[in-house]
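Hi there,

Here is the structure I promised to pass on.

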Amino acid sequence: MSTREFDVIVIGMGPGGEDVAGQLAAAGLEVLGIESHLVGGECPYYGCIPSKMIIRAADLLQEARRVNEMAGTAVVTPNYSIVADRIRDEATDDWNDQVAVDRFVGTGGTFVRGRGRLDGPGRVVVGDDLYTARRGVVIATGTSPAIPPIPGLAESNPWTNREVFKIREVPASLIVLGGGAIGLELAQAFSRFGSKVTVVEALDRILAPEEPESSELLTTVLRAEGIEIRTGQAASSVSRNGLVTVTLADGSEIRADEILVAAGRTPNVRGIGLDTIGLDETARPSFTVDQRMRVNGVDGVWAVGDIAGKGAFTHMAVYQAAIAFDDITGAASPRLSEDHAVSRVTFTDPEVGSVGMTEAQARAAGLNVRVGLANSATSSRGWLHGAGNEGLMKLVTDADKGVLVGATSVGPRGGEVLSMFNLAVHARVPIATLRSMIYAYPTFYRGALDALADLEA
């Protein structure tokens, strides 16, 4: 067994791991980055980037269809192969990460392809080789798609996000298990490309982590587009005999050509040696982190990204990488992690953007909650927009402090409109200040005035 020493070892080179490893190497530290699959992780190869390419194309199809309502006549003929080519050639380099590897090595880092496993404090094993870290180890092993233990599901060769972005044509029919953000984004996109789509969600509403008003609005929109939504019914078994058959808890059956599992993620903690540093990989969670991204109770170990448990988003991973960088390098004014204003967007049409607490979370926290709700479709810009203008704004306030603690923006470009609310929640901008602002007319974000007015009703 060979041994080599570095300042910092990063296990997992997804968005957060790649970012912190690159920053540390560029700062002059000796850094080892370890990745068993693709540098860059899920986002560029199996997540954010390819999914948004599909969604962009599907939205164009829908906008073309709306021409007939508002501007003339258009005939739309979907061709998914154009999207598939773009994903393969522009987004993923045919799922080759050499550009990303070269980018990291170009900062001065050392890269090893393999599965990294902790072997005690400051020690990491890859195959037969041992690497040691003078300053510490960053864990950034991310998550993997969860396959629920439904009888017959695994044997039915379901798609997850690992398979779905490599397809060359959409299936004639598709069952989506899971009514969360990823499942709904792809369900709508494939439906717009011609698939007959059924979404199965065990909970009583889709998009359950978001506001119930968002769930209701999106359910209405998706059903109007021809997508079948089955909520409150868990799948009890799955089989494939030509077609995929999903049997629901009430005994009813759904059949389709393919099935996509979008039922959450599983932390990649098994087999990475957590027990060698006093942690339990079977616990949920296996560990927690502090405001400096240090793993609580363990010296010289940081965690960033999905595995840190602070929000499974690329933007959170990169945010946390900067905080870990400051702590590892001993920055004079280190940034500290704050998670009261985590923003997120579901890129359906309409987009669902949200930040901070939902109304239910704020009430559960014991806050004196006041809520403002507005219909974005009836705002000046929403009325002008016409076809595809469904949307809403919801503001959740701490009435005692007079600040926003959460907000939702649903509608065309709802994720972009969210930026104002993101700033307001993050900086704790007084409601009085939001009311005193001058909002450009006619804009979608001006609809905030309606939601602010509803706070007073």
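Predicted model: local features only at pLDDT ≥ 70, side-chain atom pairs only at ≥ 80, totals over all residues.

Residues are numbered from 1 along each chain as its sequence is written, and side-chain values use heavy atoms, with hydrogens and water left out.

**The whole chain**

The protein chain has 14 helices and 21 strands; these are DSSP runs, numbered from the N terminus, with helices being H or I of at least four residues and strands E of at least two. The C-alpha trace spans about 70 × 60 × 40 Å along its principal axes. Its radius of gyration is 23 Å, which agrees with the value near 23 Å for a compact globule of 457 residues (taken over C-alpha atoms; the globule rule is 2.2 Å times the number of residues to the power 0.38). Buried residues make up 52% of the 457, where buried means under 20% relative accessible area, exposed over 50%, and partly exposed in between (1.4 Å probe, protein chains only).

**Helix α8**

Helix α8 covers residues 212-224 and reaches 18 Å from its first C-alpha to its last, close to the 18 Å expected (1.5 Å times one less than its number of residues). Among its buried residues are Leu-217, Leu-218, Val-221 and Leu-222. The cover over the buried residues of α8 includes α7 (181-192), β10 (228-231) and β21 (403-411), counting contact as heavy atoms within 4.5 Å. After α8 comes Gly-226, with a positive phi near 100 degrees.

**Two loop residues**

Gly-142 sits in the loop between β6 (129-139) and β7 (143-145). This glycine counts as buried because its relative accessibility is 15%. Not counting residues up to four places away in sequence, Gly-142 touches Thr-266, Pro-267, Asn-268, Asp-306 and Ile-307. Its C-alpha is 8.4 Å from that of Ala-308, 166 residues apart along the chain.

Glu-281 lies in the loop between β15 (265-267) and β16 (301-303). With a relative accessible area of 22%, Glu-281 is partly exposed. Leaving aside neighbours within four places in sequence, the contacts of Glu-281 include Val-269, Arg-270 and Ser-286. The C-alpha atoms of Glu-281 and Pro-267 are separated by 9.7 Å.

Best wishes
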